[in-house]
Amino acid sequence: MRKNQILAILCLVSLVLCSCDNELLDDVETTEATTEETYLPAHIEEYGKAIAAELNSAVKNLSKMGVDYSSADRSEAFKEQFFEDYYEACPTKTKSKSVNPMLMSREGFEKGVKNLTKIQHEFIAKILLECKKSESYPDLAKRLISINKDIHSDVPEIQQERLFTITAVLYYGMNEFQNLEKLGLMPKTPRSDMQYLRLKTGGIEEGGGSFGDSCRKFLATTWIIAIAEPTPFGEVVASVVTVVVGGVLLYEVIVCAVETIDCGIMYAGCVDSGSMPSWKCWDCFTYCQGQNVWDCPRPY
């Protein structure tokens, strides 16, 4: 009788273990089945994932540092404090602490803008528009994948890499923010505080979920990638580029940009039109970045 009881218990344990294994396999299969095709070249996908890895480490370190950005604003004082914190938290140390990553020199920016082709300008505008139109992170991810398909079909191959780099950073960077938020590691922001109060009082946040679902205007990040020198990949991917690009993306999410004017597009049009000297276009651009107003003749 005792042996029968032992055998019965062993059979029951075996059934439970088999059931658990099957559930785990089902989970794995489900995960693999829902993995989206990004239509990104392999080396650029690697770069996007490197940005995400840098952000993962930096945000976790910011959490350990106990930073509180619940009163974040778009002032120069906050921007300086944020980047000081961010560089301290970054696992990839750089020598660029004294550089303001939000603003290049006039000569560097003008050269970068002029080096972009007409179709690259068009797709940069399209990326920014689709980001603004998106209603949630999953929606943004789908829009970025759709843009990648269009880049493959409509942009000459030699001009594709710069555009793919933009979509890769936004796709993998925002995905990482969503994961970190689920873990409760993202810094508090005015936006996340507002959502908490709405949930507490029974309010419903339009568009759903997270603060990342509400902050999808990446003007600075997009233009920095667009006009930067081509990024080396492979062993040197963990470089100053991943730090600066990741930092600017996190900054834009933290302050939840509210720009209604794309200052970069206006600047590019000003330079191309020749309506004003390039130095005057630059003055208009820097004013636009600070005030969100293009206070000059419109180039379009």
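Trainee: Which cysteine forms a disulfide with Cys 284?
Mentor: Cys 296, with the sulfur atoms 1.7 Å apart. A disulfide here is a pair of cysteine sulfur atoms within 2.5 Å. Mind the source: this is a predicted model, where local features need pLDDT of at least 70, side-chain atom pairs count only at pLDDT 80 or more, and totals for chains, interfaces and linings use all residues. Residues are numbered from 1 along each chain as its sequence is written, and side-chain values use heavy atoms, with hydrogens and water left out.

Trainee: What's the handedness of the Cys 284 and Cys 296 link?
Mentor: Left-handed, with -80° about the S-S bond. Helices are DSSP runs (H or I, at least four residues), numbered from the N terminus.

Trainee: How many disulfides in total by that rule?
Mentor: Two. Cys 270 and Cys 281 are also joined by a disulfide, S to S 2.0 Å. Cys 270 sits in helix H11 (residues 263-273) and Cys 281 in helix H12 (residues 278-291), eleven residues apart.

Trainee: And the torsion about the S-S bond for Cys 270 and Cys 281, what is it?
Mentor: It is -75°, a left-handed link.

Trainee: Switching topic. Are Cys 284 and Cys 296 buried or exposed?
Mentor: Both are buried. Buried means under 20% relative accessible area, exposed over 50%, partly exposed in between (1.4 Å probe, protein chains only). Cys 270 and Cys 281 are buried too.

Trainee: What about Cys 90?
Mentor: Buried, at 3% relative accessible area. Cys 131 counts as buried at 1%.

Methods
Helix = DSSP H or I, 4+ residues; strand = E, 2+ residues; numbered from the N terminus.
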